[in-house]
Amino acid sequence: MSSEINENKFKPVPGIAGRYISTIEDENGLLKEIQYHDTDTFNFGFDVVDVLADKCPDKTAMMHISKAGKQRRITFKDMMYYSNKSANYLQYLGIKKGDKVLLILKRHYQFWFALLALHKIGAIAVPCSYLLTKKDFEYRLKAGSISAVICTADGDVSEEFDKAARNYTGLKAKMLVGGSKDGWYKVNRDVRFFSPLFKRPVNAACGNDTALMFFTSGTTSYPKMAAHSHKYPLAHYITAKYWHQVESDGLHFTISDTGWGKALWGKIYGQWLAEAPIFTYDYNEFFAKEILSLMEKYHITSFCAPPTVFRMLVHIDMTKFDLSHLHHVSTAGEALNPEVYEKFYRATGLKIMEGFGQTETTLVAANLKGMEPKPGSMGKPSPLYEVKLMNDLGHEVKQGDVGEICIRVTEENQLGLFLGYYLDEEKTASVLYDGYYHTGDTAYQDEDGYMWYVGRRDDIIKSAGFRVGPFEIENEIMKLPYVMECAVTSVPDKVRGQAIKASIVLSKGVEVNEKLKKETMKYLKNNLASYKRPKFLDFVAELPKTTSGKVRRAEIKAKDWDKK
């Protein structure tokens, strides 16, 4: 975006974010354009958290509920205080600017202290899931040239890490949160002895310096390491203010483990830029009724969760919970089935605002504040990006035709896009070329400019000369009242080349029998064109998923094609 602000058009946004962001909105509050300025020296730890600690020290930054039910109200002053102590602690252990540090902290409140501390000392945060195993850590240690780890004491994840690190010589420190173990520093004990004062270094990391590295979900291949700069948090102002529609006097709840980029979409950056408190529940296992009870008790005002969560919520009676304080709901991670949207709306009167983005980006398209969502659509392109749908020849497709979602890359709109895949120029070049970032996801755009997700390029099924996206078939299957979730993939077929298979998870208490199978096939025959109908139905207990909750269609497909 241009660094020159036309004061006659653009207005600085309210609060601390106004120093960096100016916008144009229409009469309904719909964001039309956005510009960023003074970003080259930006560091979220100093320029947002510490500024808020001075401006509103006693304002709630986060309401944290432990898995044991202990409530902690953490203010912005607390965030500055403990992130400074953590920064001094990390420097004492030899962590310095440019070092890569794994954060494996579930939803522990110490994650926020550690992340901010790393931003302040200029080390690079590398969030990871606590569900990873020895093999996963072996890959990450080498791929990321990791210097240190801060890990939860819960479960056996630290043991898996130790197994992976036996032959790795690059570690400066291993730090454990919430427990004690030989060879590991005890964070909760040690950090108390360090000063709560931390002066901004003269050469503090900022602007285009690398701040974060995320391992991608790996739905079709082994995870890549996407790097983001210190400007990345600024791009999430749109995420929080216009998509989540957070309120400065409310409480925002995003369901995500801190091992994934979605946590930083919904649990810190944009929300605090908008000066809105966040809610975090450090649970081990998801129970829909428990989540709804917490939303009722703590008066959650905005809520974001992946479609998997909404699919569970609509299968219970939500009218038994007082959700009157809840004003806005949103979803991303996978496409949302229209049937789930409609069920949630009937139960709550709230419209789920779907959005789309990737580990490599911020919010690319969404149903933003001021828009009327179309059930099943990911919304319109974000004003931050210039988005085009392109064919295999690199030409923009016509309205209604399916194309790959591509983002124009220029000096002016790089903010929000990743810097590249760490130490992998070949993979970076495979997606960043001809002036565009090629997402690998496909969609079509309707006459009103709304985008409709079709699937990953690798998920498109080519059967008897037709190209079929799995999502439209899944949407139809999800209309059956006894279906909890499903995934559509291809299987080998001697005549068609590829045939269509549906893997179906039934609602709790529903049993598979011949009558149900025939009823399902009859429904699909009556509601899908012949070339879109699944030839095979596979009723399964669960679908394979990444630890971030995305369905691994590639894994289902691989098993069927390996049998060929």
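**Close-up 1. The crossing of helices α2 and α3 in this predicted model is right-handed.** Helix α2, which covers residues 76-92, and helix α3, which covers residues 110-121, have axes that come within 8 Å and cross at roughly 65 degrees. On the α2 side the contact involves Asp78, Met79, Met80, Tyr82, Ser83, Asn84, Ser86, Ala87, Leu90 and Gln91, and these meet Trp112, Phe113, Leu116, Ala117, Leu118, Lys120 and Ile121 of α3. Sorted by class, the residues in this contact are 11 nonpolar, four polar and two charged.

**Close-up 2. Phe44 and Trp272 form a stacked aromatic pair.** A search of the whole structure finds 29 aromatic pairs. In the pair shown here, the ring centres of Phe44 and Trp272 are 6.5 Å apart and the ring planes lie at 15 degrees, so the pair counts as stacked. Because Phe44 belongs to helix α1 (residues 44-55) and Trp272 to helix α9 (residues 269-273), the pair ties together parts that are 228 residues apart in sequence.

**Close-up 3. The second largest pocket holds about 620 Å³ of space.** This pocket is lined by 29 residues, of which Val402, Thr442, Val454, Ile460 and Gly469 are the closest to its centre. At least two lining residues come from each of α12 (338-348), β21 (403-408), β24 (436-445), β25 (451-456), β27 (466-468) and α14 (470-477), and α14 gives the most, with four residues. By class, the lining of the second largest pocket comprises 12 nonpolar, six polar and 11 charged residues.

Methods. Residues are numbered from 1 along each chain as its sequence is written. This is a predicted model: local features need pLDDT of at least 70, side-chain atom pairs count only at pLDDT 80 or more; totals for chains, interfaces and linings use all residues. Side-chain values use heavy atoms; hydrogens and water are left out. On a 1 Å grid over the protein atoms alone, a cavity is a set of points where a 1.4 Å probe fits but cannot get out, and a pocket is an open set with protein on both sides within 12 Å along at least five of seven lines; lining residues have an atom within 4 Å of a point. Grid points are joined across faces, edges and corners, and a volume is the space filled by probe spheres set on the points. Ala, Val, Leu, Ile, Met, Phe, Trp, Tyr, Cys and Pro count as nonpolar, Asp, Glu, Lys and Arg as charged, and the others, Gly among them, as polar. Axes are lines fitted to C-alpha atoms, for helices over the stretch in contact, and angles run from 0 to 180 degrees between N-to-C directions. A crossing is left-handed if the near helix is turned anticlockwise from the far one by less than a right angle, and right-handed if clockwise. Contact means heavy atoms within 4.5 Å. Rings of Phe, Tyr and Trp (its six-membered ring) pair if their centres lie within 6.5 Å; planes under 30 degrees apart count as stacked, over 60 as edge-to-face and the rest as tilted.
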